[in-house]
Amino acid sequence: MSSDYNGLEILTAPLRPRRVMRWLLAAFAVLLAGAAYQISGQLLALGAPFSLRAQRWWLVMGLYALSLVALGALGATYTAWGRRLAMDVTLPRLGRVGSWALFGLVLLCYPLLVLVWAGDIFADLFPRLLLFSLLALGGAGVLRSAAPRLSGRAAGVVAALSLAFSYHAAAGFVVVTDFPFALSWSETSRYYYASLFFAQKLYGERLPTSVLHPTRYLMQALPFVLDSVPLWGHRLWQALLWLVFTLGTGFALGRRLRLGSWLPTLMTALWAYLFLFQGPVYYHLAVPLILVLVGFDARKFWRTLGVVLLASAWAGISRVNWFPMPGALAALLYLLEKPLDSERWPRYLFPPFVWGIAGLAAAFAMQGLYVLWSGNDPGRFASSFFSDLLWYRLWPNSIYPLGLVLNTVLVTAPLGWVLFTRLRAGRWAALRVAGVLAILLI
């Protein structure tokens with residue numbers, strides 16, 4: 001992929017230690033006070049009045065005291081004495097093995113404290129942010145000790161992304177239990193729909209398979225190949241599907257970007273994993289993304305066409321709004337990777353046009369075949385086109401406070417800004433820019 005994508009300059013730009021120290025002290029002053037306030041609110045809600053004998057009230061007072069200390073230190077940085085203080089704190093050398101072992105321990109601390117040992121203390125926003133920030137800062141220091149050539153900014157990004165990933169991945173496996181009742185919305189229904197692919201074996205008769213998300217239930221159905229897999233086994237399998245295919249999409253993206261070394265590729269994968277879970281993009285929908293990201297080649301029309309057809313066939317039995325995704329992604333990669341040069345625009349746009357039309361045709365054809373095979377009434381598959389649309393959910397409402405439009409803007413605005421600056425800096429042809437923006441807008 002073009003070097004236009006390599007926007008990693010922010011990780012290597014020099015830092016101003018005094019400014020960094022001031023921002024850190026101000027942030028920790030707010031986080032400490034906020035954590036103290038929310039923990040005291042928890043205690044009062046539980047009917048625990050202030051008492052010097054209660055350990056958690058001592059914790060609250062200690063957090064408030066540390067907040068005042070942080071504010072005092074912040075003020076000291078503006079004095080002549082404070083400006084002479086060393087701003088770059090280094091950890092003692094622990095050796096490569098010791099440093100990485102300590103970093104691994106830091107990554108384990110956050111999920112263990114929040115999910116296992118002290119979840120009640122870290123139930124609210126500010127206590128969690130405080131713990132996360134402290135561990136990320138400590139992890140960055142350990143990374144600087146392990147890899148001195150790593151800049152402070154890069155170490156901070158690596159530590160924060162790794163910490164966030166470790167927590168989210170661990171949270172995905174907390175549900176792996178033998179608890180007999182549903183742990184999430186429609187959990188038991190999803191296992192039932194998955195079992196329908198083996199209905200003859202399990203129920204002694206062939207039953208119609210699912211109308212919605214067939215590929216999801218096909219992937220979930222694999223444990224039914226074995227006999228008597230316990231409930232926790234099915235939950236473990238689904239947790240692995242979430243982890244492997246979402247992270248796999250991130251690695252496919254990192255590989256596509258050709259960032260030059262393993263570290264930015266790994267960080268891109270972790271970032272993409274966290275970004276996709278905001279949707280979330282379900283693991284069965286990640287399959288077409290991985291196929292196109294790995295198999296696309298702007299110079300090989302027929303190879304790319306085959307990849308798009310395969311990914312579109314999978315999308316055709318996944319969900320209707322995913323039908324155009326493989327062709328659209330291929331077109332997007334084509335516009336980003338292949339310069340216009342002296343080609344006439346009809347010739348330039350011919351490949352992505354063919355991929356898009358062929359992909360849509362493959363998706364609808366595969367859906368038609370699945371409709372015939374599934375044993376369902378064909379009319380049930382068209383309900384998505386005729387269901388009532390709840391337009392009020394686009395805007396702030398009682399069910400979804402910010403609404404779809406504002407949430408979409410919040411999620412996409414940072415990436416949109418990066419895209420805009422890269423396109424402007426690259427002086428790309430107007431046709432390529434218009435095509436990229438049109439695909440993203442749709």
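**Close-up views of aromatic rings**

Phe181 is exposed, at a relative accessible area of 59% (exposed means over 50%, buried under 20% and partly exposed in between, with a 1.4 Å probe and protein chains only). The model shown here is predicted, so local features need pLDDT of at least 70 and side-chain atom pairs count only at pLDDT 80 or more, while totals for chains, interfaces and linings use all residues. Residues are numbered from 1 along each chain as its sequence is written, and side-chain values use heavy atoms, leaving out hydrogens and water.

View A. Rings of Phe, Tyr and Trp (its six-membered ring) pair if their centres lie within 6.5 Å; planes under 30 degrees apart are stacked, over 60 edge-to-face and the rest tilted. That rule gives 25 aromatic pairs. Tyr110 belongs to helix 5 (residues 95-117) and Tyr167 to helix 7 (residues 152-173), so the pair links distant parts of the chain, 57 residues apart (helices are DSSP runs of H or I, at least four residues, numbered from the N terminus). Tyr110 is buried, at 7% relative accessible area.

**View B. Phe179 and Phe181 form an edge-to-face pair.** Here we find 5.7 Å centre to centre and 70° between the planes. Phe179 is partly exposed, at 40% relative accessibility.

**View C. Arginines sit over rings: Arg22 over Tyr78 and Arg206 over Trp373.** To count, NZ of Lys or CZ of Arg must be within 6 Å of the ring centre and within 35 degrees of the ring normal. The charged end of Arg22 is 3.8 Å from the ring centre of Tyr78; for Arg206 and Trp373, the value is 5.1 Å.

Terms used. Helix = DSSP H or I, 4+ residues; strand = E, 2+ residues; numbered from the N terminus.
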